[in-house]
Amino acid sequence: FRPCPQRMPIACLARISVIDLSGAAEYAGLFDKMDPYIKLTLHDGEFDSGSSHRGESFRTGTKDNAGGTCSFNECFDINKPENMDVLRVELWDEDTASDDYMGCIDIDLDRIYEDFKSQPVVSKLL
């Protein structure tokens, strides 16, 4: 996560990295090893209230037959509007007929940014 140059309530470009998945269910059904992918959606805290409360959305590639542990190593540059301060991270299992929703978590970007600001910055000159 690369934070915006000021407080998160401003509009900015945020870089989100999806590194790996671990500890998720191996199977989505009987003999159906999970084919996971991650969907990222910015929202204003009212995700379930409709599309007007949602910003940009991205998804990783699918990891065929990976089960509950795999590496994604994908980065997304997301345009973050002023009012979109929450990132929903959803886990899905891709299937032929329809994808299965496996779970989600909402991440408060303001809190991440404040925690980041309080950490010492180390720079390296090349």
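## Surroundings of Asp32

Leaving aside residues up to four places away in sequence, Asp32 touches Glu26, Tyr27, Asp93 and Asp95, where contact means heavy atoms within 4.5 Å. This is a predicted model, in which local features need pLDDT of at least 70 and side-chain atom pairs count only at pLDDT 80 or more, while totals for chains, interfaces and linings use all residues. Residues are numbered from 1 along each chain as its sequence is written, and side-chain values use heavy atoms, with hydrogens and water left out.

Asp32 lies in strand β3, residues 32-33 (strands are DSSP runs of E, at least two residues, and helices runs of H or I, at least four, numbered from the N terminus). Asp32 counts as partly exposed because its relative accessibility is 24% (buried is under 20%, exposed over 50% and partly exposed in between, with a 1.4 Å probe and protein chains only). Asn65 is 33 residues from Asp32 in sequence, and their C-alpha atoms are 8.3 Å apart.

## The nonpolar core

The largest nonpolar core has 17 residues, and Ile38, Leu40 and Leu87 have the most contacts inside it (such a core is a set of buried Ala, Val, Leu, Ile, Met, Phe, Trp, Tyr and Cys residues joined through side-chain atoms within 4.5 Å). At least two residues of this core come from each of β1, β4, β6 and β7, and β6 gives the most, with four. Leu40 touches, among others beyond four places in sequence, Ile16, Val18, Phe58, Phe76, Leu87 and Val89.
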